[in-house]
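Hi,

Here is the structure I promised to pass on.

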Amino acid sequence: MSSPPSDPLPDVPGTGHPRSPGPLGRAAAVLLRALRRRGKPLARRTGSRHRLGRELDACRQERDRWRLHADSYERELTRTRYERAHLLAWLAALHPSSAVLTPDAGSGPDGPHLLCVEAGGRQLSWRLSPADLPLFAHVPYAQPVIPDSPAPPDQTAHIRRHTRLLAMEGTLFGATAETWAAVMPLRPGEH
């Protein structure tokens, strides 16, 4: 007689019986769960690294954008300073009798200078950088003058008033007879 078949061993694959967890199986399951849990924070850390990388790239782009603005402003400021120096050289050429260059107080001959021009009965002055001095070769040098008054009146306000006076003078004395006739008709009997 044949004996009844014995149950196959639980660790034989393909028998259809669930494997009974032995000490080795339980240890493997615990280790697998620990590795899975550890993997999730790693994924989160990787996500935060990507986020930080994107933020760093955005900051770099913003820095480069502001650097372009700063470079543009620097070019504009240089152009404006250059134009200012040329206008002051022109003003000095228009006032040759009163325009003088003096070294700025406390600086040597290679330091900044002052352009002094008398206009409207008052001396006006502007600081010039050493790089602009070649534009003022036509202006004579003089010794620095220490002002008598401790607080000079506002130079900008004086320039505004003087400009208005010059504009009115040009309007009054530069107008032709036809212009005046249109503005102020002659009274009867005047020719």
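**Salt bridges, patch and cysteines**

R67 counts as partly exposed because its relative accessibility is 47% (buried is under 20% relative accessible area, exposed over 50%, partly exposed in between, with a 1.4 Å probe and protein chains only). Before going on, some ground rules: this is a predicted model, so local features need pLDDT of at least 70 and side-chain atom pairs count only at pLDDT 80 or more, while totals for chains, interfaces and linings use all residues. Residues are numbered from 1 along each chain as its sequence is written, and side-chain values use heavy atoms, leaving out hydrogens and water.

Back to R67: its salt-bridge partner is D64, with the closest N and O atoms 3.9 Å apart. (A salt bridge here is a side-chain nitrogen of Lys or Arg within 4 Å of a carboxyl oxygen of Asp or Glu.) The two are separated by about one helical turn because they sit 3 residues apart in helix 1; helices are DSSP runs (H or I, at least four residues), numbered from the N terminus. D64 is partly exposed, at 34%. Salt bridges also link R63, D64 and R67 into a network.

The whole structure has 7 salt bridges. Another one joins R79 to E76, with closest N and O atoms at 2.6 Å, and this pair is again in helix 1, 3 residues apart. E55 pairs with R51 at 3.2 Å between the closest N and O atoms, 4 residues apart in helix 1. E55 is partly exposed at 37% relative accessibility, and so is R51, with a relative accessible area of 39%.

Helix 1 covers residues 23-94 and includes L87. L87, W90 and L94 make a nonpolar surface patch with about 350 Å² of accessible area together. For patches, residues need over 30% relative accessible area and no salt bridge; like charges are joined within 9 Å, nonpolar side chains (Val, Leu, Ile, Met, Phe, Trp, Tyr) within 5 Å. The areas are Shrake-Rupley values with a 1.4 Å probe, and for residues only the protein chains shown count as cover.

On the cysteines: there are 0 disulfides (cysteine sulfur pairs within 2.5 Å). C59 is exposed at 53% relative accessibility, whereas C116 is buried at 8%.

Finally, confidence: pLDDT (the predictor's per-residue confidence, 0 to 100) averages 77 over the chain, and 69% of the residues score at least 70. Residues 3-17 stay under 50, with 7 contacts beyond four places in sequence (heavy atoms within 4.5 Å).

Cheers
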